[in-house]
Amino acid sequence: MSTELPLIGDYSTPTTQLSGARIGVVTFPGTLDDRDAARAVRAAGAEAVSLWHADTDLQDVDAVVIPGGFSYGDYLRAGAISRFAPMMDKIVDAANSEAKLPVLGICNGFQILTESHLLPGSMIKNDHLKFLCRDQLLRVENNQTAWTNGYEAGQEITIVLKNQDGQYVADEKTLDMLEAENRVAFSYVGWNPNGSRRSIAGISNEAGNVVGLMPHPEHAIEAGFGPDHRGTDGLTFFTSVLTHLVGGKK
Amino acid sequence: MSLEATKEFNIDTVENAAATPKVELPWAELGLKDNEFAEIVKILGRRPTAAELAMYSVMWSEHCSYKSTKNHLRQFGQKVTPEMKKDLMVGMGENAGVTNLGDGWAVTFKIESHNSPSFVEPHQGAATGIGGIVRDIISMGARPIAVMDPLRFGAIDHPDSQRVVHGVVSGIGSYGNSLGLPNIGGETVFDPIYQGNPLVNALAVGALRHEDLRLANASGVGNKVVLFGARTGGDGIGGASVLASESFDDTKPSKRPAVQVGDPFAEKVLIECCLELFKASLVEGIQDLGAAGISCATSELAANGDGGMNVELTSVLLRDPTLTPGEILMSESQERMMAVVTPDNVKAFEAVMDKYAVEYSWLGEVTDDNRLTITWNGEVIVDVDPSTVAVDGPEYDRPYARPQWQDALQADTFKASNAGKNLPASGDEIKAAVLELIASPNMCDKSWITRQYDRYVGGNTALSSPDDAGVVRIDEETGLGVAIATDANGRYTYLDPYLGAQLALAESYRNVATSGAIPIAVSDCLNYGSPEDPDVMWQLAEGIRGLSDACQVLGVPVTGGNVSLYNQTGTTAIHPTPVVATLGKLDDVARRTPSGWREDADGQAIYLIGKTFDELDGSEFANLRGHLGGLPPKVDLEVEKELGEILINASRDGMIDAAHDLSEGGLAAALSEMVLRYGVGARVALDDIKKRDGLDSFTTLFSESQSRAVVAVPRSEEVRFNDMTSARGVTVARLGIVDAQSKSLEVQGEFTVSVEDLREAHEGTMVKYFG
């Protein structure tokens, strides 16, 4: 069904893309970066499929992006209501199934993934208590996931950080486990912009098909419309998943 | 009898009003003057009911009726030439003006004030300012694509500025960020004159396809009237009449309950829901609920339509069931819209509401009797000609005269004053003055504010603060987009209200042209003191005359805006502050010009376009020395236009890689900001300009002469650039070159300052005061 009718960047009409891959972009009430995520998917060469939170049909997508925003206003706790969406049940099942559906959660999407228990830990308010929007330097700690295989291990990339509740927290045992299992996907380089434990910016699940991070790769895919310096570092997230889908490994 | 008595079982009906002509009504408490109340009685042929009184009182308030300015504002219409109207699809008077962009696209934008609420309750006041202007944009059938905020605060070191600045910035951030609208610019000025009357103006811009244009009118007898979005509560009652139309006074009780409370999540859902309604053509007319709430929406929809309207008020969904009919009519609860829907579309309309989980209630229908009738459980409590409420309100020709102090003020020039003695002369003194300037509250880096706003959402932001104009792409296929800049200089306008308004337009026009865009439309927010003070009224009359004259010369029409009066504490009015927003068109935003040079511009030539005069009166430097007097810089709109054409052509033809307009802080500020934009140094010399314009180094650097810009020209383009400027007879001077290795700004023979020292001075101030 047609759920999105944007005047700008209309992606409700499917277009045949080179890769033939179909990547779903979920919209909840209050989602903000869905058009951006769809644009990033298209820029990588896949077809963006709009998924509405209240639906239950995954439309045979090959991967899913849960974009950023303030779903349900973040009024209760970021992501706490969205995790109960019918579409989330389908996504959680597919991510845990044998097929291991690749899922990327960005910002509010990351918060929804932790609330859904696809990823451990949680996000609380930034330690400086303010919304912060900046071009953020990250280090790729794990390039073995479905969404990071196109990066070099240890590569430094600049993408956009913008959030209010971006401080990643988990108990020490979980943090040790994440590091031991190489599940820290990204960490902040230099100043820790929100007080995240061990400067963690993003993590993956054990299988590497589910990745969540606070910064926004979808805002760094087109020169001139993202960070001032090296504005396209985020595109590799979306090309990585295509590589993953065709069975390519590094 | 009082309003409190109009409870459910004791409703003041029209019948009751006719039968009880002697009942005392609280019209004065609602902000009406005695002549206005008499007029209402005359129009109705009886005393108004409590509900009618509520409606008239808000709709006839200064904020809603423009009663003190209407007779002056007409000049904007009178001075519009057919050429200026060529691309104008909807002009002043609707929720926002609409301008044709070509390729089937149109753009709508408007700037409004939310000053008084933002002083009383800074966070909610600023937040709902964004909410209100965004709903104006939606009402036109457009998708909002960006917001901007011109702000004026009191002294940076005043204790109350902590409350106001933190509150306003967090309010704009939390609301705007939650809507998914990039904040692409604005300005922030600190001046003690705004201490008790901060100015919080909000601008929103939207894009639409021509076929999606919607207007606020109720037509088609039998069509249904629906209210949807948030429920109606007790917040914001009397916001327009009591808060926005009166001066603050310590002796009166707190007006906090008159400030609305915002829910950005509800607004975001409302945006998407309305756009789906427009795409499916499910609404005939639509109006947002802002100032004066249901009173305004019903009377304006009915007055603009071809018939009347009948509404049952008990159908309104309430947050607070104890509200009286009058309170329901006056409530300014946010995130509400009213629409007119044909009976055939009712089901489809409800399906969209259900999809987005938006509450709605059917209130009534369009009638053919040219009356607005409102019932309460079937009993008529309002029966009026809607035009008398919404259109034909009172109009005053307020007395005004040039203040007696104006001549003395203009005679008190900076250089002749004590403050203007011992001006910096040596290289070291000038260097210290440059650092002091760029660290000053008005000139310092404002990223403490802008980093609390999302500038990236949407993926179409091509330029944002600190660039001269915000630039947003509209069509991803072609790159078509718009540039917007807002400007006003209250000090200039205080020195000369006529020229000050023109200077505000000239600067925003120049900023838009600097980004490479062709200016096509203007929206203004006229922030002034009390119109009942003849001095202020003169400032206002001169401002409107100046702005409308200048629009005519530059060929850009005013498409809408807002007047904010009574911005004064006691008898002290703010500096007249006509904030002017200019919108420009870029055929391809990839061509836009940033306000600084990058590393790869190393070796490019730096040119100053325009002539420099000895113009320091009203300048930032004079302000730093505590002086305000003399005359503002001269305005030559023909030269301004010529400069604009050069900047636009040079951008289109790839002749310049960076451009920055000269305004507050003059050449000193422009060069510093261009170096700081990407942290890339430059080497310049002033000798040619000093000789040509007959000025010393200090004046050359700090004068605020208009119609100037600094540009960076690639070596391969210098011949073409010089040919173009000399063919047009425009004054240019080659200042020097971009020097990526030096990591400093060198003004030869005067001083050298490292990029690091500039940065430290520029970025330290906001952090020092606000953390």
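This is a predicted model: local features need pLDDT of at least 70, side-chain atom pairs count only at pLDDT 80 or more; totals for chains, interfaces and linings use all residues.
User: What makes residues of chain B count as in contact with chain A?

Analyst: Good place to start! Contact is called when C-beta atoms lie within 7 Å. By that test, 34 residues of chain B are in contact with 28 residues of chain A. Helix 11 (264-279) of chain B is one of the elements supplying at least two residues to that side, and helix 11 of chain B gives the largest share, seven residues.

User: How do you know which classes of residue make up the side of chain B that touches chain A?

Analyst: Residue types are sorted into classes, and this side has 16 nonpolar, nine polar and nine charged residues.

User: Why is strand 7 of chain B called largely enclosed?

Analyst: A residue is buried if 20 or more other C-beta atoms lie within 10 Å of its own. Five of the six residues of strand 7 (residues 224-229) of chain B are buried, so the strand is largely enclosed by the rest of the structure.

User: What makes strand 7 of chain B a partner of strand 10 of chain B?

Analyst: Pairing needs at least two bridges. Strand 7 and strand 10 (residues 336-341) of chain B have six, in the antiparallel sense, with B:F228 opposite B:M337. Strand 11 (residues 360-367) of chain B also qualifies, since five bridges join strand 7 of chain B to it, again antiparallel. There, B:V225 stands opposite B:G364.

User: Which residues have the most contacts inside the largest nonpolar core?

Analyst: They are A:V41, B:L505 and B:V711, in a core of 318 residues. Among the residues that B:L505 touches are B:V522, B:L547 and B:V580.

How values were computed
Residues are numbered from 1 along each chain as its sequence is written. Chains are lettered from A and ligands numbered from 1 in the order in which they are written. Two residues are in contact if their C-beta atoms, placed from the backbone, lie within 7 Å. Helices (H or I, at least four residues) and strands (E, at least two) are DSSP runs, numbered from the N terminus. Ala, Val, Leu, Ile, Met, Phe, Trp, Tyr, Cys and Pro count as nonpolar, Asp, Glu, Lys and Arg as charged, and the others, Gly among them, as polar. A nonpolar core is a set of buried Ala, Val, Leu, Ile, Met, Phe, Trp, Tyr and Cys residues joined through C-beta atoms within 7 Å. A residue is buried if 20 or more other C-beta atoms lie within 10 Å of its own, exposed if 12 or fewer, and partly exposed in between; C-beta atoms are placed from the backbone. Lists of a residue's contacts leave out its neighbours within four places in sequence.
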